[in-house]
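Keep the viewer open as you read.

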Amino acid sequence: MTAADFLVAKAELFSHIPPMKLGIIGKPQSGKTTVFNAACQMQVAVGDYSQAVHRSIIKVPDKRVDALAELVNPKKLTYAEIEMLDTPGFSGKGKEAAGIEISEDLKKIDALIAVIDSFSQDANPEKDIQDLIDEMIIHDQTVVESNITKKEKKMKQTGEKTMAQEIDILKRCLAQLEEERPLIEMDLNDDELKLIRGYLFMSLKPMLIVLNIAEDDISKSDEIFTSLEKFVSDSKRELAVMCGKIEMELVGLEEDEHLEFLEDLGISTPAVEIVIQKAYKLLGLMSFLTAAEPEVRAWTIKIGTNAQRAAGVIHSDIERGFIRAEVTSYDDYIEHKTPAALKAAGKQRLEGKEYRVKDGDVILFRFNV
Ligand SMILES: Nc1nc2c(ncn2[C@@H]2O[C@H](COP(=O)(O)OP(=O)(O)O)[C@@H](O)[C@H]2O)c(=O)[nH]1
Ligand SMILES: [Mg+2]
């Protein structure tokens with residue numbers, strides 16, 4: 001059976017794959033909801049100090065999906081998706097912040113988008129970035145302290161040795177936080193990370209810092225970027241400059257018109273694309289494609305995922321019954337246009353379980369259930 005046949009047979013099973021979640025944070029009136037609107041093509045009210053949580057699913061723009069659909073003429077076209085959350089919950093008070101309540105929704109996101117006011121008269125981006133980081137540190141410190149106490153008590157009662165390692169890591173985390181440094185700057189290995197994953201620490205999340213600039217400063221975007229680049233010296237943070245207000249005003253325009261307006265303003269990449277590109281980079285993600293008759297679709301996986309695990313993103317049955325992957329590169333597919341021509345040109349490879357999938361691979365999985 002091919003994955004394509006399977007998709008037709010079990011179409012209803014495919015809605016459970018959770019999309020990557022991004023959460024917007026920032027101090028009040030920094031333009032969080034404005035940037036949310038710009039990135040998600042939404043029109044939620046701004047400027048009202050609302051504490052409401054907004055959600056949206058973004059379809060990841062991917063020209064490869066469109067181009068493959070031209071060739072395959074599928075019944076359905078499915079882009080990868082990202083969930084975006086606009087949340088209040090940060091006070092902007094930095095170290096002075098007390099008793100911060102961070103919602104469960106926000107704790108469960110994969111990466112943070114910190115929107116920083118770089119547009120208002122008294123904007124102080126450097127301080128605001130540091131304040132946000134400090135606020136996360138204080139929050140995590142409270143969690144770490146109370147859990148060390150709890151775990152030590154429990155270990156004494158039960159004599160359970162397995163907790164010792166977790167307590168040890170928590171103590172190292174505490175030392176880091178007491179030095180006012182975020183957990184993401186620690187060198188924790190995968191096993192250690194697994195042990196503390198359940199705590200959903202905020203300062204352990206990768207972060208995209210969005211400098212939300214004024215309309216008049218668009219021409220200075222590069223300079224502004226450079227001036228704050230020091231915040232992204234490691235790979236766990238990214239920086240982007242955009243004018244949320246202008247981009248929000250373009251919501252609702254047709255794509256061509258939208259891009260034309262941006263170009264006139266000197267903006268080469270729309271907010272949504274910047275956010276997605278940088279989030280993929282932060283999280284080490286990439287896409288592979290399936291292009292069979294019923295559906296052309298992009299799937300998101302971690303860089304380095306092998307073919308069998310990638311099959312599991314489509315469905316666990318395809319992973320379990322994996323036989324082989326028939327792989328072509330996107331460029332070859334576009335050049336040769338049909339599976340028969342690809343085969344004739346020797347551009348279709350048969351790969352086994354351990355093959356490391358590459359960005360843009362077009363894959364047909366063969367499997368047995
Ligand atoms: N001039 C300018 N104003 C902005 C920009 N982004 C947001 N604002 C204004 O800042 C105010 C607060 O925006 P909002 O998105 O509601 O902030 P939030 O509280 O962080 O969600 C609104 O009046 C926006 O119009 C921007 O890029 N330029
Ligand atoms: Mg808001």
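Both faces of strand β6 are covered: on one side Met207, Ile209, Leu211 and Ile213 are buried, and on the other so are Leu208, Val210 and Asn212. Buried here means that 20 or more other C-beta atoms lie within 10 Å of a residue's own; exposed means 12 or fewer, partly exposed is in between, and C-beta atoms are placed from the backbone. Seven of the seven residues of β6 are buried, so the strand is largely enclosed by the rest of the structure. In a regular strand the side chains alternate between the two faces of the sheet.

A word on conventions: this is a predicted model, in which local features need pLDDT of at least 70 and side-chain atom pairs count only at pLDDT 80 or more, while totals for chains, interfaces and linings use all residues. Residues are numbered from 1 along each chain as its sequence is written, and chains are lettered from A and ligands numbered from 1 in the order in which they are written. Helices (H or I, at least four residues) and strands (E, at least two) are DSSP runs, numbered from the N terminus.

Which strands flank β6? On one side, β5 (residues 111-118) pairs with β6 (residues 207-213) in the parallel sense over seven bridges; two strands pair if DSSP finds at least two bridges between them. Val115 has Val210 as its bridge partner in β6, and Asp117 has Asn212. Then β6 and β7 run parallel, joined by six bridges, with Val241 of β7 as the bridge partner of Leu211.

Now step back to the whole sheet. It is open and has six strands in the order β2-β4-β1-β5-β6-β7, with mixed pairing. The edges are β2 (54-59) and β7 (237-242), each with a single partner strand, so one side of each is left without a neighbour in the sheet. On average, neighbouring strands are turned by 25° against each other, direction ignored. For such angles, axes are lines fitted to C-alpha atoms, for helices over the stretch in contact, and angles run from 0 to 180 degrees between N-to-C directions.

Two helices pack on this sheet. Helix α2 (residues 32-40) touches β1 (20-25), β2, β4 (81-86), β5 and β6, and its direction makes about 160° with that of β4. Helix α11 (residues 271-283) touches β1, β2, β4, β5, β6 and β7, and its direction makes about 175° with that of β7. Two residues count as in contact if their C-beta atoms, placed from the backbone, lie within 7 Å.

β1 and β4 are parallel over five bridges, and Ile24 has Asp86 as its bridge partner in β4. β2 and β4 are antiparallel over six bridges, with Glu83 of β4 as the bridge partner of Ile57.

Beyond four places in sequence, its contacts are Lys21, Gly23, Ile24, Val53, Arg55, Asp105, Leu106 and Ile109.

The largest nonpolar core has 86 residues, and those with the most contacts inside it are Ala39, Ala114, Leu208 and Val210. Such a core is a set of buried Ala, Val, Leu, Ile, Met, Phe, Trp, Tyr and Cys residues joined through C-beta atoms within 7 Å. Its largest share, eight residues, comes from α11. Not counting residues up to four places away in sequence, Ala39 touches Ile58, Met84, Ala271, Val272 and Val275.

Finally, look at ligand 1. It is surrounded by 16 residues, the closest being Gly31, Lys32, Thr34, Gly47 and Lys245; a residue is near a molecule if its C-beta atom, placed from the backbone, lies within 6 Å of it. Two or more shell residues come from each of α2 and α9 (244-249), and α2 gives the largest share, three residues. The shell divides into five nonpolar, nine polar and two charged residues. Here Ala, Val, Leu, Ile, Met, Phe, Trp, Tyr, Cys and Pro count as nonpolar, Asp, Glu, Lys and Arg as charged, and the others, Gly among them, as polar.
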